[in-house]
Every structure is written in C-alpha cells, then in structure tokens.
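This report describes a single protein chain. The sequence and structure come before the text.

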Amino acid sequence: MTLHLARAGRAYDEDPTGRDLTLVETLGDELHTFASRRDELLGTSLGKWVLIHGGELVGAFESQADAINVGYQRFGNVPFLVKQVVPVEVPQNYVSNHLGI
C-alpha cells in the first residue's frame, strides 16, 4: 500500500484528548472511500494514482507525482491520500541500517 501524507515528519493530528493520531486514524475517511470504491476504480482507473481528500475522490492521475502536486495545490499542507489502483496490493517492507541491529 502506498500512502502519501503531506505533513510527514510531524504528528499527523491530535484527537480531543491530546493523543497523537496514527496515520490510519488520520486518513480513515480517505481509506474508507478508497475501499468502498475499489471495484469501480479497478474498472476505470487500473494502474493510475488516485487522490482522495476528506472522503472525496478528487481524481485519477497517470503518475504519483501528478496526484501529489494537485493535492498540495488544492488542499495545501494537510493530510490527503494518494494511492495506486492495483488488483493485488503487495506489502512493502523496508530495512533500516540505522537501528544498529
């Protein structure tokens, strides 16, 4: 799953209790919108990158960079989801040499 969060490097958001929200909690509406429209998107936008903000599907783009640029232009420095429409999502694992293990 490829996600883009505009405010990377900072706490994503805070809930009313002051607790920092996780990425999934912050983008819950966007992820729900993607999941509920996945079958439709597979038929119309396979391989493209979709931009979703506030539960609204903004558009489908040929490249990830195009979707991110439109997200910044339209919404500014706020969380939004950019995700590629693929039939099967492959988990991505990253190795960091900074852990010293």
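## Basis

The model is predicted: local features need pLDDT of at least 70, side-chain atom pairs count only at pLDDT 80 or more, and totals for chains, interfaces and linings use all residues. Residues are numbered from 1 along each chain as its sequence is written, and side-chain values use heavy atoms, with hydrogens and water left out.

## Overall chain

The protein chain has 3 helices and 3 strands, in the order α-α-β-β-α-β from the N terminus. Helices (H or I, at least four residues) and strands (E, at least two) are DSSP runs, numbered from the N terminus.

Of its 101 residues, 30% are buried (under 20% relative accessible area, 1.4 Å probe, protein chains only). The accessible surface is about 6,600 Å², with 52% belonging to carbon and sulfur atoms; the areas come from the Shrake-Rupley method with a 1.4 Å probe. Among contacts (heavy atoms within 4.5 Å) between residues at least 6 apart in sequence, 55% join residues at least 24 apart.

## Helix 3

Helix 3 comprises 12 residues, 64–75, and its end C-alpha atoms lie 16 Å apart. Gly-76 follows the helix and has a positive phi, near 80 degrees.

The buried residues of helix 3 are Ala-67, Ile-68 and Gly-71. Down the helix axis they fall within an arc of 100 degrees, so they line one face; the arc is that of the directions from the axis to the C-beta atoms. These buried residues pack against strand 1 (49–53), strand 2 (56–61) and strand 3 (81–84).

Technical notes. Expected span 1.5 Å × (residues − 1). Buried < 20%, exposed > 50% of the residue type's maximum accessible area, 1.4 Å probe, protein only.
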